[in-house]
Amino acid sequence: MTDIHTPGSKRTLGTDVVIVGGGIVGASAALALRQKGIAVVLLERDVCGSRSSGINYGGVRRQGRLAAQLPLSQRAHHIWARLPELIGIDGEYVRSGHLKLGVCAADMASLENYAQMAARYDLPLEILDQQQLRRRFPWISQRAIGGSYCAEDGHANPRLVSPAFAHAAGRLGAQIFDQTPVSRIEHDGQRFIVDCPQLQVRAPLLINCAGAWGHRIAAWFDEQVPLQVSCPNMTVTEPLPLFMDASIGIEGGSIYARQVSRGNCVIGGGQGYTTSDTTARPGREAVLELMKVASGLFPALASAHLIRFWSGIEGNIPDRNPVVGPSHTTPGLFHGFGFCGAGFQIGPAVGEVLAELIDDGHTPTPIDAFAINRFSTASSTLMSTTIVSGDE
């Protein structure tokens, strides 16, 4: 890595790889690259882990993912098992189990079909009828008629885990620059030239991990992605007696909930609204509806006080899959963005995949479904697909 600083000019760095975006994907890629001995500079507009990687629900689940994501998700599952070794903290990660509830016969049929599909990816799911559900989880009301249980899925604290990946990468020698927005990126035929207000980074390789803004960087290189933003409603209760011993999702995605060891219940669902290009707030009516549904399913929440609300901006793509892999217009450019509210669990695996693509030229993990050029051949179909936000 070279550091050229001429008095009166902005600082200029030369490196092997420059990453734009310090969420869990970008930070994981930086960590994986440093483990391979590759020099890397990571540029984050705000603070690493402060955007969608830090405001999400904290679900660490494989259940409910599209089939194309399951190999990546299984790889991530093994990475999460060694989290303290990898980033130095446990991140409040617990394998509590993930229970997806059904409230009608159609929900149960969908859960059973999904379980059959997931078995082909070595993801065992246990289908529970209403009697079995009552016996195993007596704190759930009669509104739920059954569920699908994944014993080794769980949850973690995103506000601890996501920044910790960046800190771990920094300890291995990655140069991390918070509060460093990128204003322009050019390619001079040999290197990417990334301009920031006080810094210019030059590197032959660039990874675009800019989250809900990643499609803008892709567009600079003539790659169009139909990304739309969403703003998840999140809230947390006062500490309550412990009762919720699994992370909960609802078939169809109306709400999701978990309880941490301190007793607080974290509950998400519905949509907030943007207040600027980079900020969002929860929606009042949506939060009221969220708690109405939650207390109907979990009577212990009926008198709970809410102590905090928040939202943020996530990037959604109509087919609910992210963009991961090499650019189809620009050699040396790689993408990892647009995780549709479900990137927290698979983020560490995506970081490893991106590092493999750069170091080895290939990855053993299937990623063809995430190719950026899929939008040039199927845009009309993709644009007509309903967006469903993830429960992470």
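The largest pocket is lined by 42 residues, and Cys 209, Ala 210, Gly 211, Ala 212 and Trp 213 lie nearest its centre. This is a predicted model, in which local features need pLDDT of at least 70 and side-chain atom pairs count only at pLDDT 80 or more, while totals for chains, interfaces and linings use all residues. Residues are numbered from 1 along each chain as its sequence is written, and side-chain values use heavy atoms, with hydrogens and water left out.

**The largest pocket**

- A pocket is an open set of points on a 1 Å grid over the protein atoms alone, where a 1.4 Å probe fits, with protein on both sides within 12 Å along at least five of seven lines; lining residues have an atom within 4 Å of a point.
- The volume of the largest pocket, which is the space filled by probe spheres set on the points, is about 670 Å³.
- Elements giving two or more residues to its lining include H1, helix H2 (52–55), helix H8 (214–220) and H10; helices are DSSP runs of H or I with at least four residues, and strands are runs of E with at least two.
- By class, 19 lining residues are nonpolar, 16 are polar and seven are charged; Ala, Val, Leu, Ile, Met, Phe, Trp, Tyr, Cys and Pro count as nonpolar, Asp, Glu, Lys and Arg as charged, and the others as polar.

**Helix H3**

- Nine of the 12 residues of H3 are buried (under 20% relative accessible area, with a 1.4 Å probe and protein chains only), so this helix is largely enclosed by the rest of the structure.
- Among the buried residues of H3 are Leu 70, Arg 75, His 77 and Trp 80.
- The buried residues of H3 pack against strand E5 (59–60), H4, helix H5 (105–119), H7 and H10, with contact meaning heavy atoms within 4.5 Å.

**Positive phi angles**

- Most residues other than glycine have a negative phi.
- Arg 320, which is not a glycine, has a positive phi of about 65° and sits in the loop between E23 and strand E24 (323–326).
- Cys 340, also not a glycine, has a positive phi of about 55°; Cys 340 is in the loop between E25 and H10 and is buried, with a relative accessible area of 4%.

How values were computed. Buried means under 20% relative accessible area, exposed over 50%, partly exposed in between (1.4 Å probe, protein chains only).
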